[in-house]
Amino acid sequence: MAATLSLSGSPGLDPSSSSDQSVSSRSNNRSLRVAEKERKKNEAEDPFVLALKYFSDVEAGTPVHGNDEVEKNMVMVEKVAYMKGLSPEAISIMLEFAMSLRMGTTLCARVLKCLIPATVVPQEAVVRAVVWLGIGKIPISTRILFIKWVLTVFDMIDAKDQLRAIYGFIFSYVTEENLFPFICHLLYLLTRKEKVILSMYILFLQGRQPFLLSLLSLYKVFCPELVTLSISSRIKSGFRNHNMPWKSALIAVQKRNGSQVATSISLASAIKTNPRKRKHCHLELPVLSSVVSKEAQTDPSSSRKVVPLVQLHSFAHILENMHRIELPAQMGSLLGSSLALQYLDCVQDESALLRLNFWLGHALHEEFLFCGDGGASQNSEEALQFLNTLLSTQHFLQEGFSCSEAFLYKFLSVWDGSLLRPQILGLLSNIPVVPSSQIRRLLFEPLMQLFFTSSLFFKCGLMECLNNMLLKWLTWHSVYALEDDLDISLNSHTSINMTLSRFKDSVMELVDFVGQLASLSLQLEGCHSLLLSFILDFYETVCDTFLKYGLPLVVMPTPGVFYPALFATDPVSVDRLAYIMYRWGLELMLQPRKNVMQAFHISRQTFREFNHYAVVMVNCLWNSNMFQPDMGVQLGEELLLKSNVPQYWTSFDLIHHPAFMSYAVDFHQRCWPERKDMDLNSIKHSKPWSWYLEYLFSQGYDGLKQFVQSNISRPLTAAGGHVDRQDDGHVDRQDNGHVDGQGDRQDNGQDDGLSTLQR
């Protein structure tokens, strides 16, 4: 009563409004009840719902043979499964029906083959089915088919915690010979570090089956101290493809459902050749921890006190305890500690390196090769951090790991060129010298496919990568070369050795390969200045192979690189080409004086190529004699006349060259500011020419200056102009027995000498 009075007496409450709301609420509830009733009526009439109800309620012992009703309902379930896929509820009902053997074993295989998920697979249904495996009445073929189905849809199971909770129950089936391969595969997918203690049991199983080794290799990654079996880090997958009964049906359902499939589930990932999807479990670096217990460390009866690496905090402590340091339980933890890497670099412990290589190889293969759904791209932040850590470790040790080398050879064949590009190219630049007999198959073929199908920036990145690779190869040669037998050790932590001649063959292969890529890419990219810059970086390294790194090898650039650099529109490229030619000239003059040349002779063809390029550059930039018959670039006289270019033979000298014309114009305005008509040919007179050269060299073009000083004999100052010049500006050269003014070779028995052009 009080409540009623209070409500009725409340200010602002309209009785008529309250009545209208009550009527509206009753109307809405009635509509909902009608809709729900209509839905249930439709579901009750749906043949598929009736079929599921039948399999859910069917009593145990119901016969199959002669039972038209079970056949009709089975056909209906199969029709929906292969058309749209089964919902989680439908999968639960049908899986329970098959594994409980309510109607015997006749329909089990048929039901399992039509379990095509439309979205996800409920974990509870899988767990109940695994429990049903403990009933001995289920035929072995049905057991195998069920495990194959679980492996196929493993990534579509909505959770894994309950499955991992019964890890020991699943593990008990390893004693059954027929189930052994499939149980190992399932255990591989479910394994976490805390489960590895069970691996001690299967060590006593006989044989070295591939699937068993694959599981043990994973156990060894998590707890290497528990798995004493020697397993190669390059072991191939021991697990076969088990998805054939469901592959085509999964693809068809995915296409039909389209966006209806949950975005978090990738059906394609469930039908790859290898259904291992370990989402970055290995990319988290372990924490430095000790293998030996604290009691063992302090036990006075112990013959040798060990000091865990985690307890050392300075390099001085490492030196004091160098022979008593205990390696961590997981070698992957070394990557996160610079102090641990210093210890590893000092002791050069082969066992430690093998363990670290094994862990790294497993992590790289699992996360970047065996993840068929592109696991690395789904969580690129973790992958990026992991690869950056690996790169910093390799830079710290100044060498790469053999496991990353093996990984790259496989990864290049499936890489798209964009995923984690800087990191992959960084790893690629750290690989050791590859024998010339294998380098084309392992590196050049996959890189060539990527190079010509990728963007300009990828081409530049790959050129930088190959340049860094060559730099590291040459550095290894200069550091580890043995003077006695001309053998070099390519890696201080490995026993790989290569003769100097084989090393030269590998370097030659690399330089030739880059020359091919450079020539074709400059044509494809229209001689892009950025690409040309990276190419010239590479050839700057090549021209110093002997002067800096002591390798008696001189390789001239291809014409497809030389001429685009000579005719480039930016002066930096021309200057860098001149510097490269200057360095090659020094190498050719110094090498014949070295004793090593008694064993390694530079061919006369190399000298001819250098002389030819030097003559072309001098005729082009200095003599104003472009398009001569003996030059690499030739154009017909009629075509040149049709171009209507006045004095076309001077188009690429130091005055009219597109790269230097702006300097010539600026110099002309400074020398003759009162002239209204600009005549650039007036710079060719003796004193202005010397001034112009000084002005040009003062702009920082040291490479051009060094080339001119080493190949052209003339004073470069204005006071020393003793050059006889005709009215048309043509330069008369003094023949010195090498190259005359037109660049023609004089036969004086010195074909393999250098060009010394006199002005």
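Here are a few friendly notes on helix packing and nonpolar cores in this predicted model.

1. Let's start with the pair α23 (residues 436–451) and α25 (residues 500–524). Their axes lie 10 Å apart and meet at an angle of about 20°. Since angles under 35 degrees count as roughly parallel, that is how α23 runs relative to α25. The crossing of these two helices is right-handed.

2. It is worth looking at the residues in that contact. From α23 come Ser436, Ile439, Arg440, Phe444, Leu447, Met448 and Phe451, and they meet a set in α25 that includes Leu510, Phe513, Gln516 and Leu517. Sorted by class, the contact of α23 with α25 holds eight nonpolar, four polar and three charged residues.

3. Next, the pair α28 (residues 571–590) and α33 (residues 702–711). Here the axes are 7 Å apart, at an angle of about 45°, and the two helices are therefore oblique to each other. Their crossing is left-handed. On the α28 side the contact uses Asp575, Ala578, Tyr579, Met581 and Tyr582, while α33 brings residues including Leu704, Gln706 and Phe707. The contact of α28 with α33 comprises six nonpolar, three polar and two charged residues.

4. Now for the cores. The largest nonpolar core has 135 residues, and Leu428, Leu443, Trp473, Trp584, Leu654 and Tyr692 have the most contacts inside it. Helix α24 (residues 456–480) gives the most to this core, with 12 residues.

5. Tyr692 deserves a look of its own: leaving aside residues up to four places away in sequence, Tyr692 touches Leu654, Ile655, Phe660, Tyr663, Ala664, Phe667 and Ile683.

Notes
Residues are numbered from 1 along each chain as its sequence is written. This is a predicted model: local features need pLDDT of at least 70, side-chain atom pairs count only at pLDDT 80 or more; totals for chains, interfaces and linings use all residues. Side-chain values use heavy atoms; hydrogens and water are left out. Axes are lines fitted to C-alpha atoms, for helices over the stretch in contact, and angles run from 0 to 180 degrees between N-to-C directions. Helices (H or I, at least four residues) and strands (E, at least two) are DSSP runs, numbered from the N terminus. Angles under 35 degrees count as roughly parallel, over 145 as roughly antiparallel, 65 to 115 as roughly perpendicular and the rest as oblique. A crossing is left-handed if the near helix is turned anticlockwise from the far one by less than a right angle, and right-handed if clockwise. Contact means heavy atoms within 4.5 Å. Ala, Val, Leu, Ile, Met, Phe, Trp, Tyr, Cys and Pro count as nonpolar, Asp, Glu, Lys and Arg as charged, and the others, Gly among them, as polar. A nonpolar core is a set of buried Ala, Val, Leu, Ile, Met, Phe, Trp, Tyr and Cys residues joined through side-chain atoms within 4.5 Å. Buried means under 20% relative accessible area, exposed over 50%, partly exposed in between (1.4 Å probe, protein chains only).
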